[in-house]
Amino acid sequence: MEDNDIQKGETLISIKDLAFDFTLRGQTLHALRGISLDIKKGESLAIVGESGSGKSVFVSNLMGLNAQNGHVSGGSIMYRGLDLTKLTTEKEWSEIRGRRIAMIMQDPMTSLNPLKTIGWQISEAVEMHRGLNGEAAKKAVYELLGDVGISNPERRYKQYPYEFSGGMRQRVVIAIALACKPEILICDEPTTALDVTIQAQILGILKRLQEKYELTSIYITHDLGVVADVADRVAVMYAGDIVEVGTCNEVFYDPQHPYTWALLSSLPQLGIKGEQLYSIEGTPPNLFYEVHGDAFASRNPHPLKIDFVKCPPMFEVTPTHFARTWLLDPRSPGVEKPEHIKRLNEKYQELMKKNGESVSGQEPARTALEGAAI
Amino acid sequence: MRAVIEKCNNSSKRLAEIRSINFSKGQDTVTKYISKRILHSLITLCIVIVIVLALLRQMPIEGYFNNFDKMSQTQINVTLKQLGLKDPLPVQVGRYFVQLLHGDFGTSIKYRAGYSNAKIIAQKAPLSIEIGLISLAIALILGLPLGAAMARSTRSKFKFWDRFGTVLIVIVQAIPSAVYYLLIQLYGSEWFGVSMLFSRSNYATWILPIFSLSLGNIVYYAMWLRRFMVDEANKDYIKLACAKGVSQKKIWDRHVFRNAIVPLVQYIPNSILFTLMGSLYVESLYSIPGMGGLLVQAIKIQDNTLVEALVVLYSMISVVGLLLGDILMAIFDPRISFTGKEGAR
Amino acid sequence: MNSFADLGSSKLESSLNDELKKHVSAYDKYKDLPEDELFTPAEFDSSEAEMGGYSNYSYWKATLRAFLHNKTAAFFLAVIVIVLAFTFIQPLLPNQRSAKTIYNDSETGIQIVNRQPDSEFWFGTNSIGQDLWARTWAGTRTSLGIGFAVACWEALFGTVIGLLWGYVRKLDTFFTEFYNIFDNVPQTLVLILISYIMKPGVNTIIFALCLTGWLGMARFIRNQVVIIRDRDYNLASRCLGTSTGRIITKNLLPYLVSVITLRMALAIPEAIGNEVFVTYIGIGLPTDMASLGNLVQAGRLVMSQPELRYQLLFPTAVLAVITISLYIVGNSFADAADPKNHVD
């Protein structure tokens with residue numbers, strides 16, 4: 001593995017045409033169908049999608065944590081000169097897991113070993129990755145507990161997970177992930193199982209820690225509010241493929257893919273009082289079968305005939321914004337954006353004018369979303 | 001598997017009892033639970049003894065006499081009356097209870113006429129206990145590692161230990177123990193040149209009987225441990241430990257194994273019972289002068305009071321054994337002490 | 001298009017099937033169009049949208065698949081079927097001898113005692129001159145009969161009690177206490193007791209084994225019934241309007257059948273084992289009766305002489321084949337029936 005210093009903003013992980021299959025009841029499930037994505041150092045990337053779109057499978061590949069009946073069937077993941085898809089033995093993965101890439105998972109109630117104190121669980125990671133022992137390890141654990149906002153670390157060290165609430169447990173999980181001082185932190189739906197107030201706290205901790213430790217964060221979520229809160233870039237996944245990727249503002253205010261339109265339109269905040277809320281008709285395709293053309297075509301209210309025939313390539317909208325849809329092909333007739341999206345766009349234009357040129361980061365995204373609610 | 005039913009039965013039994021108790025913080029819960037179980041077991045014990053006694057009263061009366069054929073009907077009746085066997089059942093049961101409380105298990109009639117049963121049994125018991133404990137220890141020492149190896153090998157390509165262990169488990173569990181005890185005795189003594197007759201001083205003769213007794217339990221523990229470990233290995237916190245970068249070996253030992261042992265504890269009493277019943281056969285096969293062999297002998301010669309004493313004693317041991325299992329479970333299973341806090345956010 | 005409201009339900013079904021067959025996927029519809037036509041709007045077909053994800057999961061199919069996929073299980077299933085069939089066909093085959101007759105040498109008139117297996121007596125003869133081949137199969141029939149009787153009783157009585165125990169809440173405490181008491185005494189002990197008290201015989205053994213055997217089954221059935229009432233997915237089913245009958249057949253029955261069959265499969269080896277044990281003590285079946293237990297014990301008596309060992313080994317071999325096959329088949333079926341294993 002190459003250990004050279006990669007600058008902030010440069011590509012850290014390069015994923016090309018990643019395909020992943022599961023063998024289920026004698027049939028093959030094509031969970032990932034050729035994903036290409038670049039992850040930049042220091043950024044905060046959110047991966048959004050419905051249940052079953054393949055988000056968790058995708059990031060599990062970065063750590064080799066998928067179930068035994070799954071295997072990579074194509075593509076590569078290049079990280080510091082190493083192709084992660086080629087790693088098979090535990091020894092090979094031990095360089096990556098925890099040390100370089102760490103993960104926090106969705107359900108804090110089951111993420112911790114119920115029969116060991118949380119101090120033990122954190123120091124297991126500390127001892128392993130930092131080579132500390134005894135008192136030094138303990139001090140490091142106290143420091144970590146402080147980092148995640150757990151007070152009274154001496155007492156907490158000796159306690160068991162059942163003595164913690166859900167939010168506190170998630171903080172412990174974050175502490176464990178950071179014990180390793182990783183380069184990349186994957187957060188697989190970190191706040192889904194928590195209530196809204198705790199959610200804000202946890203996201204706050206994650207943002208603070210990302211700055212402090214110069215982490216590259218990858219968030220998996222289906223909650224667009226979380227995306228708006230934490231992410232620099234967003235990748236929208238559908239049926240095992242990425243359909244749109246761009247900065248937060250670009251994807252929220254200038255979405256190009258019909259699925260992104262549908263997703264954003266479904267936000268309750270964008271609903272008009274008295275009218276029926278928008279929902280996407282139908283269900284995601286059965287990935288046991290081969291998908292012809294654009295996977296979203298059958299649920300797209302305004303499809304083109306070619307959407308059913310051929311899979312569109314990624315079209316560039318801006319150097320940072322790409323979408324996989326035939327609508328961006330010069331040969332396609334223009335399709336009108338749905339009502340909700342137009343409204344969102346207008347709000348954004350207003351904000352742009354108000355703030356002059358200062359449109360960067362997530363701020364406008366969130367405020368406009370809030371403002372668009374009627 | 002019979003395993004499945006047992007597991008369901010046991011875990012729902014535990015859960016039902018857990019739910020039925022009001023919990024507060026701390027060690028009190030465990031002691032409360034234990035006291036409740038002890039009381040429960042005492043009651044169970046009394047009922048079991050009553051039923052056993054009632055049944056035993058149906059024993060063929062020849063068993064009460066040394067020379068039954070030569071006695072006249074009047075003589076028979078007189079003796080029966082003397083023994084208190086003509087009294088109504090509740091009276092007999094009550095009398096027996098009082099006797100029991102004094103440690104009196106009756107007097108032998110045929111085995112060693114006039115001798116107190118309690119004394120006879122007390123002479124034989126230590127050896128049985130010794131052999132029983134050793135075989136249980138060996139079962140744990142051999143069975144647990146086997147189960148762990150089997151669980152670990154489910155993830156490997158060849159799955160050697162899993163296959164080997166499974167074959168062993170199938171053979172030992174399918175073939176009735178009465179049959180493989182025989183085969184072990186036969187071929188064990190032939191191949192290793194050990195006598196089939198037990199002799200306390202000759203340690204070589206201890207090997208076969210102890211091995212026979214422990215075989216069933218080795219396989220039992222291995223099977224359950226493997227099952228529990230495989231279940232634990234699929235849980236979320238193991239995935240997190242993997243993500244932490246903990247080595248596979250450490251994960252299996254520190255996390256999976258340690259956590260899987262906890263539910264295993266509830267199967268120890270069952271294995272004690274198994275050893276108990278097994279000892280009946282094994283002891284008489286090898287002529288070991290223990291309690292089990294004593295029962296077989298008593299049955300063969302039809303010494304009613306001795307049979308009665310032993311059956312009652314074995315029932316008591318069974319009840320106590322299961323009670324012990326519950327207590328161990330209470331100590332080991334954090335859910336019992338910790339319920340009430342579980343699920344708090 | 002027909003209005004579906006006009007059709008009766010069977011016609012409805014066939015009509016639906018026809019529609020589905022007629023349906024051509026959009027891919028096939030458009031794939032051969034020229035480029036400029038491809039970039040024109042297509043119509044939105046909501047039925048195509050719904051056809052996406054559906055599971056082809058059928059519980060019994062998946063169970064059967066998992067079972068047969070397991071080659072060992074399939075093999076042993078064949079074995080046990082063959083052995084069972086043979087056991088009962090054997091007396092009908094030509095040249096079979098009776099299990100009880102003592103055979104005398106035609107020349108000397110003395111009983112043919114302890115003869116090694118040869119072309120005349122395939123399993124040899126035992127110490128009183130009986131044909132071991134015939135005796136082994138007769139013994140198998142007896143032992144299987146006992147085991148099967150016990151298994152059936154367990155299944156029937158156990159299920160009935162279990163259902164009552166589960167449904168009728170008032171009986172729950174009574175049965176639970178009852179169970180707790182009787183669960184404490186090992187079955188072997190009860191068997192010894194009963195056999196000691198009553199006259200040795202087939203009925204005694206069946207009675208003794210049935211006395212305690214049903215408890216485990218009843219407990220399990222009861223647990224399943226309670227689960228039906230209490231599990232969330234059943235509550236959800238009821239909310240959606242599913243009838244109790246359907247809940248029973250779709251949610252409960254699959255588990256029940258698999259466990260009942262397992263229990264029955266395992267009861268037979270258990271019964272044989274108990275029978276061997278009890279015969280050894282002397283309170284088993286009468287010695288003239290052929291049973292696997294008797295045969296094993298008789299074989300035990302001569303096992304120290306290597307040339308007579310066959311008298312132990314033949315019945316043991318048959319016993320081993322039967323018990324191992326039943327164990328494997330029973331367990332494999334139970335595993336196959338467990339939905340968690342319907343993954344690959």
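Predicted model: local features only at pLDDT ≥ 70, side-chain atom pairs only at ≥ 80, totals over all residues.

Modeller: Chain B has a mean pLDDT of 80, with 86% of its residues at 70 or more. Two stretches call for caution. Over residues 18-26 of chain B, pLDDT stays under 50, and the model has nine contacts beyond four places in sequence for them. The other stretch is residues 337-345 of chain B, also with pLDDT under 50, for which the model has 13 such contacts beyond four places in sequence.

Now for the place where chain B meets chain C. The contact draws 37 residues from chain B and 40 residues from chain C. Several helices of chain B supply at least two residues each to that side, among them H1 (2-19), H2 (28-56), H6 (160-174) and H7 (177-192). H13(B) gives the most to the side touching chain C, namely seven residues. Sorted by class, the chain B side has 27 nonpolar, eight polar and two charged residues.

Within chain B, have a look at helix H5 (residues 117-153) and helix H8 (residues 204-233). Two packed helices are described by the angle between their axes and the distance between the axes. For H5(B) and H8(B), the angle is about 35 degrees and the axes are 6 Å apart. Their crossing is right-handed. The contact between them has 24 nonpolar, five polar and one charged residues.

Over in chain C, helix H9 (residues 187-197) is mostly covered, with nine of its 11 residues buried. Among the buried ones are Leu189(C), Ile192(C) and Tyr196(C).

Chain A brings in strands. Eight of them make an open, mixed sheet, in the order E6-E7-E8-E3-E9-E10-E12-E11. Strand E6 (101-104) and strand E11 (315-318) of chain A stand at the edges with a single partner strand each, so one side of each has no neighbour in the sheet. On average, neighbouring strands of this sheet are turned by 20 degrees against each other, direction ignored. Inside the sheet, E10(A) and E12(A) run antiparallel and are joined by two bridges. Val245(A) stands opposite Phe322(A) in E12(A). Helix H10 (residues 258-265) of chain A packs on the sheet, touching E9 and E10 of chain A, and its direction makes about 100 degrees with that of E9(A).

How values were computed: Residues numbered from 1 in each chain as written. Chains lettered and ligands numbered in written order. Contact = placed C-beta atoms within 7 Å. Helix = DSSP H or I, 4+ residues; strand = E, 2+ residues; numbered from the N terminus. Nonpolar A, V, L, I, M, F, W, Y, C, P; charged D, E, K, R; others polar. Axes fitted to C-alpha atoms, helices over the stretch in contact; angles between N-to-C directions. Left-handed = near helix turned anticlockwise from the far one by under 90°. Pairing = 2+ DSSP bridges. Buried ≥ 20, exposed ≤ 12 C-beta atoms within 10 Å, placed from the backbone. pLDDT = per-residue confidence, 0-100.
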